[in-house]
Amino acid sequence: WLVIPPALAALFAVSSLKPMVFFALFLIHAAACFFLRTLKNTARLGIELIMLITVLGSFAYGPKTGALLGAVAMLMDYALTARFSYFVPVTTAGYVLIGLLAGNFAEAGIKTVGIAATIIYSLATSFIIVAFMGGHLDKCLRFGLSNLALNFMLFSTVAPWLLDVMGWKG
């Protein structure tokens with residue numbers, strides 16, 4: 001008899017690769033969180049997969065699921081990096097809004113939507129955090145620029161490929 005490892009069995013148990021793609025993205029995101037935690041990411045580099053998970057979720061499953069996936073990914077990020085702060089409502093709400101809206105612009109393509117969402121999210125949350133919550137402009141700039149660079153790469157290369165793997169037709 002052939003014994004199928006549980007992870008492979010899960011591939012055969014689902015009728016779509018969508019759940020497996022998001023499971024893999026959450027695992028990679030968790031690994032990145034733990035890695036940054038061990039580095040004591042005091043520079044607050046924007047290395048995370050939250051925007052990719054949020055926008056991809058909105059495209060693949062619709063606005064409510066995109067919003068939920070974004071909120072869960074953001075809260076997971078805070079928990080796994082052990083950095084809860086009073087910025088949680090602002091950043092989490094930002095990803096919820098991105099999740100609710102991103103799928104509505106699917107005709108523009110995931111690259112355009114993902115990069116635009118990254119820029120809008122960074123500008124809006126940084127403004128609120130710096131202007132009203134005592135945040136540091138230098139940390140917001142460092143996070144925003146490094147996050148934009150990462151998301152530019154992810155949405156230019158990985159995101160279109162993942163949509164194709166998931167069989168997304170738009």
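Helices (H or I, at least four residues) and strands (E, at least two) are DSSP runs, numbered from the N terminus. The model described here is predicted: local features need pLDDT of at least 70, side-chain atom pairs count only at pLDDT 80 or more, and totals for chains, interfaces and linings use all residues. Residues are numbered from 1 along each chain as its sequence is written, and side-chain values use heavy atoms, with hydrogens and water left out.

**Overall layout**

The protein chain contains 7 helices and 0 strands, in the order α-α-α-α-α-α-α along the sequence. Of its 170 residues, 42% count as buried; buried means under 20% relative accessible area, exposed over 50%, and partly exposed in between (1.4 Å probe, protein chains only). The chain exposes about 9400 Å², and carbon and sulfur atoms supply 75% of that area. Accessible areas come from the Shrake-Rupley method with a 1.4 Å probe; for residues, only the protein chains shown count as cover. Among contacts (heavy atoms within 4.5 Å) between residues at least 6 apart in sequence, 76% join residues at least 24 apart.

**The nonpolar core**

A nonpolar core is a set of buried Ala, Val, Leu, Ile, Met, Phe, Trp, Tyr and Cys residues joined through side-chain atoms within 4.5 Å. The largest one here has 37 residues, and Leu25, Val55 and Leu56 have the most contacts inside it. At least two residues of this core come from each of helix 2 (18-39), helix 3 (50-61), helix 4 (63-80), helix 5, helix 6 (110-133) and helix 7 (137-165). Helix 3 gives the most, with 8 residues. Not counting residues up to four places away in sequence, Leu25 touches Leu49, Leu52, Ile53, Leu56 and Leu162.

Helix 2 has 22 residues and reaches 32 Å from its first C-alpha to its last, close to the 32 Å expected at 1.5 Å a residue. The expected span of a helix is 1.5 Å times one less than its number of residues. Among the buried residues of helix 2 are Phe22, Leu25, Phe26, His29 and Cys33. The buried residues of this helix pack against helix 3, helix 4 and helix 7.

His29 lies in helix 2 and counts as buried because its relative accessibility is 0%. Leaving aside residues up to four places away in sequence, His29 touches Glu48, Leu49, Ile50, Ile53, Ala73, Met76 and Asp77.

The 18 residues of helix 4 should span 26 Å at 1.5 Å a residue, and the end C-alpha atoms are 25 Å apart, which agrees. Ala82 follows helix 4 and has a positive phi, near 55 degrees.

**Surface and chain ends of helices**

A salt bridge is a side-chain nitrogen of Lys or Arg within 4 Å of a carboxyl oxygen of Asp or Glu. By this rule the count comes to 1 salt bridge. The side chains of Asp138 and Arg142 form it, at 3.9 Å from N to O. Because Asp138 and Arg142 are 4 residues apart in helix 7, about one helical turn separates them.

| Residue | Relative accessibility | Class |
|---|---|---|
| Ala93 | 36% | partly exposed |
| Asp138 | 45% | partly exposed |
| Arg142 | 32% | partly exposed |
| Val165 | 30% | partly exposed |

Ala93 lies in helix 5. The C-alpha atoms of Ala93 and Thr125 are 9.5 Å apart in space, while the two residues are 32 apart in sequence. Val165 is in helix 7. Its C-alpha atom is separated by 8.3 Å from that of Lys18, 147 residues away along the chain. Apart from neighbours within four places in sequence, Val165 is in contact with Leu17 and Val21.

Leu97 belongs to helix 5 (residues 88-102). Together with Leu100, Leu101 and Phe105, Leu97 forms a nonpolar patch on the surface, with about 390 Å² of accessible area in total. Patches are made of residues with over 30% relative accessible area and no salt bridge: like charges are joined within 9 Å, nonpolar side chains (Val, Leu, Ile, Met, Phe, Trp, Tyr) within 5 Å.
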